[in-house]
Structures are given as structure tokens and as C-alpha cells.
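Open the model in your viewer and keep the selection tool ready. This tour goes from stop to stop, saying what to select and what is there.

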Amino acid sequence: MSTVTGPITGFAVTDAEKAAMDTALAAALRGPRGANPLVGAVVLGSDGKQLVAGYHRGAGTAHAEADAIAEARAAGIDLKGTTMVVTLEPCNHSGRTGPCSQAIIDAGVSRVVYAVDDPHHHAAGGAVTLRAAGVAVESGLGAEEATELNREWFDAVRRRRPFVTLHIAQTLDSRIAASDGTSQWISSQESLADNHGLRGLIDAILVGTETVLVDNPRLTARNGAGEESGKQPLRAVMGLRGIPEEAAIRGSDGNFVHLPTRDPAEALAMLYARDIRHVMVEGGSRVLSAFLAAGLVDELIVYLAPTLLGSGTPALRELGISTLADAQHWTWDEAGGGAVRRLGRDLRLHLKPLAATAEDHKDGKDAAEATEGEH
């Protein structure tokens, strides 16, 4: 039985289309979060049978609609007269890939049902293009679920700031370095490889000046042999102290920027002005805490090593929280490979902010009152 809601426009949808939206939403979760939204697409035959499904695998790869079309062609399926069900309005612009609206028209799809409009002004308009070409288009099916799927991404687009991934590599007792400052390597080789894979997907990686002065990191995306690989993120340093000319982070490729501020929102504005749409914040603890305290983290990735230090540098500092009722709450994120994964000896935890509700705040206050005086 389908779990999607809608439609908001009042059109009649079939049970097959509702089921297809469920499938599309599930397919979307296979992709990684970041500069682009999670999107899934399913093609239905005239008999309502699901023929193929596609999803977006990350920046620079085929969009979900194009991925589904490619899957159909590989299987020898003729798409003329079919229906495509998509979790987001098909895009109408040419970036690193072509417009999905035109790909749908060229494939001969006769009907498109999508959940929510694309909020990007340069990408929106796909529905208009499709209708002008004679494709029947309806929207609103599964709108609530599709909006929740990309809640943080929609918020970043609305605020005109990059999508923010915060990365922490820590011990079981939440330390990112020992008392003498050593931190290499808390994480397993498998966790390090996973992190370098993430670096190849993002637009920028950000650390504070203290991290540069203490650790002297390169912040490049590297393969198993330690060689730079593929697309490299912009290396950004946030803080008021100067960056030594000999610092490894400067590199020799000019792909470096110093952001002279301690304000996370201002740092993001500077990066957005440089066309950065996805930034990964890697440290140190003061910078990590500043982004969390400002409510500017869309995705949290924690590599948890089965190691105890007992002392040393804590992963997080002051978050401005003095009572349990004001605690930040996160929820497990199944996107991009799952919420919890084993990487060598480590655990990789993937979370996203829990949407706050009035009832949540009430429950938090009730819990604080109930436990008062217990410790």
C-alpha cells in the first residue's frame, strides 16, 4: 500500500502512480546529499507496471530522469507513451548535464507526475517546457514526503548559502586529539578512504586557522596511494590569524582561500559568492561548535573509532546550551549508503537535524523537569 500523500492540485492519480512515487522516494535515498537534491524517478508502462527506476548519484552525474531513461534504453524499452513519476520537477537548464525536460520529451514520455517544484530559478520551468511540447504534467503527489526528503537542501537554497556537511573523526570518549596534540590517525584506513571519497564530491572543505597552525593539513582528495585524485575541493580557512606562506593548505594550484572571519554565516556567504554550493567543515573543535551553535549544519558525518583517550581535545566546545530542553536533536539519515556503517574497525554515523515541533519542545521541557535533581 502506498504511503505518499497528495496530490495538491486535485488531479486523479492511479494506485500505480502512488506506488511509483514510493519507489522513486526510496530510490532517491540511494544518492548522496550535497549541492544537489536527492531525486528519484520511475517509469511506468501503459499497464501501470514499473519498468525502470533511476536516481541522482551526485554532482556532475546524470539526473534521476536521465538515469531512468538510460536504464530503459539499456534494457531495450521503448519509452513512447509511458509515464514518468519524479520526486522533483524536471530541471530546465544545462549545467554539467543537459535539461531533463528535453530528455523526457526526446524519449517520448507522454505523462509526467512530480512531487514538488524546483526552487532554483535557473533550473525551474521544466513543467512549462514539458506542457508546451504536449506532455501531460501533474504535480503534488507525495509533496510532503518529497519536501521532507530534502528539507535541509530546500532551506540552504532559500537562504542562498551552501549545503553544509560537518565531519568529525573522534574516539569513543569524543576526543579528536590526545593531550599532546597528536591526532593522526584516530580513524581507520577505511574511514580515511571514505572521507577522501567525500572530498571528491564537495565544492569546498573548511577548517579553522588553529587546525592549519597545529596540524598543517593538505586538505586534498587523495586515492589509496596518497596521490591527488579527480576533482579537488576549494581549500578554505576561516579565522582572523594569518596563514603562513609555507602552509601545506596553500598548495601550488591557487585553489585556496582565507576567510577572515569567525562568523560561520559570514564564511558561508563568502563561499556562496564564489559559487560554492556544498562545503564540508572538518575542524577544529571551535569551528565545528560554531557551525553547530549557529544552526548551520545540514548533515553530520561522524567516524567513531573504538579508542579511549580519557583526556585531550574534545570534539565539541560550548554550544550555548544550558538546559536539556534546549538540546540539539538529530535523527539517523539513510541517504547515501545508510545511517550506520562499519568501516574497518570504525563506525560511520550519518545524521541530519531533527525537525523541531512545538510538541518536541514541550516534551523536552517535561523531560528536564522530570529529571531535575536526579543527578
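Begin with the largest cavity, which has a volume of about 40 Å³ in this predicted model. A search of the whole structure finds one cavity of 30 Å³ or more.

Next, select Glu65. UniProt, in an unreviewed entry, places the feature "active site" at Glu65. Look for Glu65 in helix H2, which covers residues 64-74. Is Glu65 buried or exposed? Its relative accessible area is 3%, so Glu65 counts as buried. Now show what surrounds Glu65. Leaving aside neighbours within four places in sequence, Glu65 is in contact with Ala41, Met84, Val86, Leu88, Glu89, Pro90, Cys91, Cys100 and Ile104.

Now turn to another set of residues from the record. Under "binding site", the unreviewed UniProt entry lists Ala169, Trp185, Arg199, Thr211, Asp215, Gly284, Ser285, Arg286, Val287, Leu288, Ser289 and Ala290. Which of these residues belong to the lining of the largest pocket? That lining includes Ala169, Trp185, Arg199, Thr211, Asp215, Gly284, Ser285, Arg286, Val287, Leu288 and Ala290.

Three of the listed residues make separate stops.

- Trp185: select the loop between E7 and helix H7 (189-199), where Trp185 is placed. Not counting residues up to four places away in sequence, Trp185 touches Leu192 and Arg345.
- Gly284: go to the loop between strand E11 (278-283) and helix H10 (285-293), where Gly284 is found. Show the backbone here, as the peptide bond from Gly283 to Gly284 is cis, with omega near 0 degrees.
- Ser285: this residue is found in helix H10. With a relative accessible area of 4%, Ser285 is buried. Residues up to four places away in sequence aside, Ser285 touches Ile176, Thr313, Pro314, Ala315, Leu316 and Arg317.

Select helix H7 next. Its buried residues are Ser191, Leu192, Asp194, Asn195, His196, Leu198 and Arg199. What covers the buried residues of H7? The cover includes E6, strand E8 (204-208), E11, strand E12 (299-304), strand E15 (340-343) and strand E16 (346-353).

The last two stops concern backbone angles. Select Ser174, in the loop between strand E6 (163-170) and strand E7 (175-177). Phi of Ser174 is near 60 degrees, a positive value in a residue other than glycine. Ser174 has a relative accessibility of 33%, so this residue counts as partly exposed.

Then select Leu219, in the loop between helix H8 (209-215) and strand E9 (234-238). Leu219 also has a positive phi, near 60 degrees, and is not a glycine. How accessible is Leu219? Leu219 is buried, with a relative accessible area of 4%.

Conventions
Residues numbered from 1 in each chain as written. Predicted model: local features only at pLDDT ≥ 70, side-chain atom pairs only at ≥ 80, totals over all residues. Heavy atoms only, no water. UniProt positions renumbered as here; feature names shortened; annotations may be inferred. Helix = DSSP H or I, 4+ residues; strand = E, 2+ residues; numbered from the N terminus. Buried < 20%, exposed > 50% of the residue type's maximum accessible area, 1.4 Å probe, protein only. Contact = heavy atoms within 4.5 Å. 1 Å grid on protein atoms, 1.4 Å probe; cavity = no way out; pocket = protein on both sides within 12 Å on 5 of 7 lines; lining within 4 Å. Points joined across faces, edges and corners; volume = space filled by probe spheres on them.
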